Amino acid sequence: MNEAVASMYASEPKIYARRVDGSYARLRLVAMFALLGVFYLLPWLSANGTPLVLFDLPARRFHLFGLSLVPQDLFLLTGLLVIAALTLLLFTTVAGRLWCGYACPQTVWTEAFMWLEHWAEGDRHARQKLDRAPWNLNKLRRRGAKHALWLLLAAWTGLSFVGYFIPMEQLVGDLLNLQLAGWPLFWSAFYGFATWGNAGFMREQVCRYMCPYARFQSAMFDADTLIIGYDDLRGEPRKSVARRGETFAGDCIDCTLCVQVCPTGIDIRNGLQYECIACAACVDACNAVMDKVGKPRGLVRYSSFNHDRGRGFRLLRPRSIGYGLVWLAVIAVFLGHLSLRADLVADVVRDRHSLYRRLADGRVENLYTLKLTNKTAQERQVTVSAWADDGIPVELSTTQVAISPLQSLALAVAARRAALGGETTTVGIHFELRDAQGQVQRAQARFIGAAP
């Protein structure tokens, strides 16, 4: 087996990312605490007794920051997903992979796990030394502390994830009473295990092989997209500090710190690579080295192809303008639908098992099912009335209905009126539902009744 083939079956070398300090590292730390804080805190927050965010699948109710959605509002959820996708496309075109470097869940949880790993086992060289050392009490203590912290964070992450589908108070109560079982227990354990595996062990492998975003990002890049770049004209040829007096040398002293701090293990000096998540750890490391050797910062920096060639940064360009216009249009349509969304939804279905029934007094009766949905958190008192196209009065068997908060109701209603005359066999009938606040919903059906 030749070397090229053998390399395809070789295990990936473990990456020991070195800690780095700098403005971008602090920004990532702030983003990590902010995003994790939102994730862990949201399931606990509620307003007027309703969770701020709760996907109540058994009841088919989705609560989003005071907005309660029912299955009829599925297009609004679809609109939110479309807006999120277009936002990613727009910001990728303008600013590259900032999502990957600062906000992606894989990046955020990996950053948290690495922070705990550094605390328990030390920095890069200490972890390499610990891995090479034989098992002893010190190694067992440090490795055990790391995995205990990982498992604790992963378990709380899994429980918090399920808290978006089951009220958190109920979930924690079941856990403390040792009554957590069934699907809540399964998904808590599954999501916790996935967090522990992805952020603790797989890390860069998720970005390299599992995430599709890295594969199609090039379709959204152009010459003005912001990326992490190495200034090879300034940095080459690389010479270490000891060899810099031999011949002409660039600013790069070949310290490899930019490689040591990279969470995906790439060398940014080899050019842009799909594994780069634009976290800017290499920028912080290189800037610190340049400060020490008395060279200007920016050997490794955020830049763009056109900027490196003296054309400056162009925020407004055909691609970004196109994405921006589509993004704004979708948001406008979404907000328009949201503003026109009714809190009371009514639909009417005629009973298909019987055409009509003639009563003893000569009138004709038709049966209908009124499907009512209350999208608010308050009980709705609804008055039901009806009239026909030909102006003949219509009497309903039910005229007052109470609909519970966030509930749907199927109400059987009988409509009675004088028999149709002449050659007419059907006539349009209109149902009107009016609540105490004056909101009105109408539904239309057909009334069938043969001439006497």
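Tryptophan 187 is partly exposed, because its relative accessibility is 38% (buried is under 20% relative accessible area, exposed over 50%, partly exposed in between; 1.4 Å probe, protein chains only). This is a predicted model: local features need pLDDT of at least 70, side-chain atom pairs count only at pLDDT 80 or more, and totals for chains, interfaces and linings use all residues. Residues are numbered from 1 along each chain as its sequence is written, and side-chain values use heavy atoms, without hydrogens and water.

**Aromatic pairs**

- The structure holds 19 aromatic pairs (ring centres of Phe, Tyr and Trp, the last by its six-membered ring, within 6.5 Å; planes under 30 degrees apart are stacked, over 60 edge-to-face, the rest tilted).
- Phenylalanine 113 and tryptophan 150 are a tilted pair, with centres 5.3 Å apart and planes at 35°.
- That pair links distant parts of the chain, 37 residues apart: phenylalanine 113 in helix H5 (residues 105-121) and tryptophan 150 in helix H7 (helices are DSSP runs of H or I, at least four residues, numbered from the N terminus).
- Phenylalanine 113 and tryptophan 150 are both buried.
- Tryptophan 183 and tryptophan 187 are stacked, at 6.5 Å centre to centre and 25° between planes.
- Tryptophan 183 is exposed, at 61% relative accessible area.
- One aromatic cluster is formed by Phe55, Phe62, Phe161, Phe165 and Tyr191.

**Charges over rings**

- Arginine 309 places its charged end over the ring of phenylalanine 305, 3.8 Å from the centre (CZ of Arg or NZ of Lys within 6 Å of the ring centre and within 35 degrees of the ring normal).
- Arginine 417 lies over the face of phenylalanine 447, 5.7 Å from the ring centre.

Note on methods: Helices (H or I, at least four residues) and strands (E, at least two) are DSSP runs, numbered from the N terminus.
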